[in-house]
Amino acid sequence: MTAPEYNVIMAASLIIVLPVIVLFVVVQRYFVNGLIGAVKG
């Protein structure tokens, strides 16, 4: 049995998670502004 290749696993997980984090940061601004507008309005 071979040892798991952690460098490959970490690279793959980074490639999968990075776009999700970027999308969250971009959408979060609009989401918070929408909530603030809904509370004020």
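The following dialogue goes through how to read the features of one predicted chain.

Q: What should I keep in mind about the origin of the model and its numbering before reading any value?
A: This is a predicted model, in which local features need pLDDT of at least 70 and side-chain atom pairs count only at pLDDT 80 or more, while totals for chains, interfaces and linings use all residues. Residues are numbered from 1 along each chain as its sequence is written, and side-chain values use heavy atoms, with hydrogens and water left out.

Q: How many helices and strands are there in the chain?
A: Helices (H or I, at least four residues) and strands (E, at least two) are taken as DSSP runs and numbered from the N terminus. In this chain there are one helix and zero strands, and helix α1 covers residues 6-40.

Q: Which box do the C-alpha atoms of the chain fill, and which separations go with it?
A: Taken along the principal axes, the box is roughly 65 × 15 × 10 Å. Within the chain, the C-alpha atoms of Ala-12 and Val-22, ten residues apart, are separated by 16 Å, and those of Val-26 and Ser-13, 13 residues apart, by 20 Å. For Gln-28 and Ala-11, 17 residues apart along the chain, the C-alpha separation is 26 Å, and for Val-25 and Pro-4, 21 residues apart in sequence, the C-alpha to C-alpha value is 32 Å.

Q: What share of the residues counts as buried?
A: Buried means under 20% relative accessible area, exposed means over 50%, and partly exposed lies in between, with a 1.4 Å probe and protein chains only. Of the 41 residues of the chain, 0% count as buried.

Q: Why does Phe-31 count as exposed, and how do other residues of the helix read?
A: Phe-31, found in helix α1, counts as exposed because its relative accessibility is 55%. Val-26, which also lies in helix α1, counts as partly exposed at 44%, and Val-25 is partly exposed at 39%. Gln-28, placed in helix α1, is partly exposed with a relative accessible area of 37%, and Ala-12, in helix α1, is partly exposed at 36%.
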